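Keep the picture in view as you read.

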Amino acid sequence: MMRALAASLLLAAATPVLAQGLPPLGGPYPPPFTATLSNNVPLAYGMSADQAAFALGVPLNFVRGHPGDEIFLAFRGYGGSGLFPKRDRLYLQFRKGRLAGWKGDWGHNWMWQ
């Protein structure tokens, strides 16, 4: 047992470690860190409801409010598995017909209650 452990440690120490190289001068640069995050939302303040629906790729569901000052709900179905699909809720607040804010709601996980 000890010989196998020592042999695996020696083998791991002899394996070269390669670091990521620098991009070529003037060449394609990797995207910034914030562009690689999984929680990017393609929304911007001042969007109309149609623009927000197009950016999210899902229809908006009316929750409440007067015309121009509404709250909409978008169901985003990213991730999950075939057995347990993941549907995150995103609330969008519009004032004077323009997007004024949004809030994600992940609800309660019924599986662990």
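This is a predicted model: local features need pLDDT of at least 70, side-chain atom pairs count only at pLDDT 80 or more; totals for chains, interfaces and linings use all residues.

## One face of a helix

Helix α2 has the buried residues Ala 52, Ala 53 and Leu 56; buried means under 20% relative accessible area, exposed over 50%, and partly exposed in between, with a 1.4 Å probe and protein chains only. Looking down the axis of α2, you find these buried residues within an arc of 100 degrees, so they line one face of the helix. That arc is taken from the directions from the helix axis to the C-beta atoms.

On the face turned away from the buried side, α2 carries the exposed residues Asp 50 and Phe 54. After α2 comes Gly 57, with a positive phi near 80 degrees.

## The sheet beside it

Four strands form an open sheet in the order β1-β2-β3-β4, with antiparallel pairing. Its edge strands, β1 and β4 (98–105), each pair on one side only. Strands β3 (residues 88–95) and β4 are joined by seven antiparallel bridges; pairing requires at least two DSSP bridges between two strands.

Helix α2 (residues 49–56) packs on this sheet and touches β2 (69–76), β3 and β4, where contact means heavy atoms within 4.5 Å. Both β2 and β3 are included in what covers the buried residues of α2.

Residues are numbered from 1 along each chain as its sequence is written, and side-chain values use heavy atoms, leaving out hydrogens and water.

The protein chain averages a pLDDT of 75, on the predictor's confidence scale from 0 to 100 for each residue.

Methods: Helices (H or I, at least four residues) and strands (E, at least two) are DSSP runs, numbered from the N terminus. Axes are lines fitted to C-alpha atoms, for helices over the stretch in contact, and angles run from 0 to 180 degrees between N-to-C directions.
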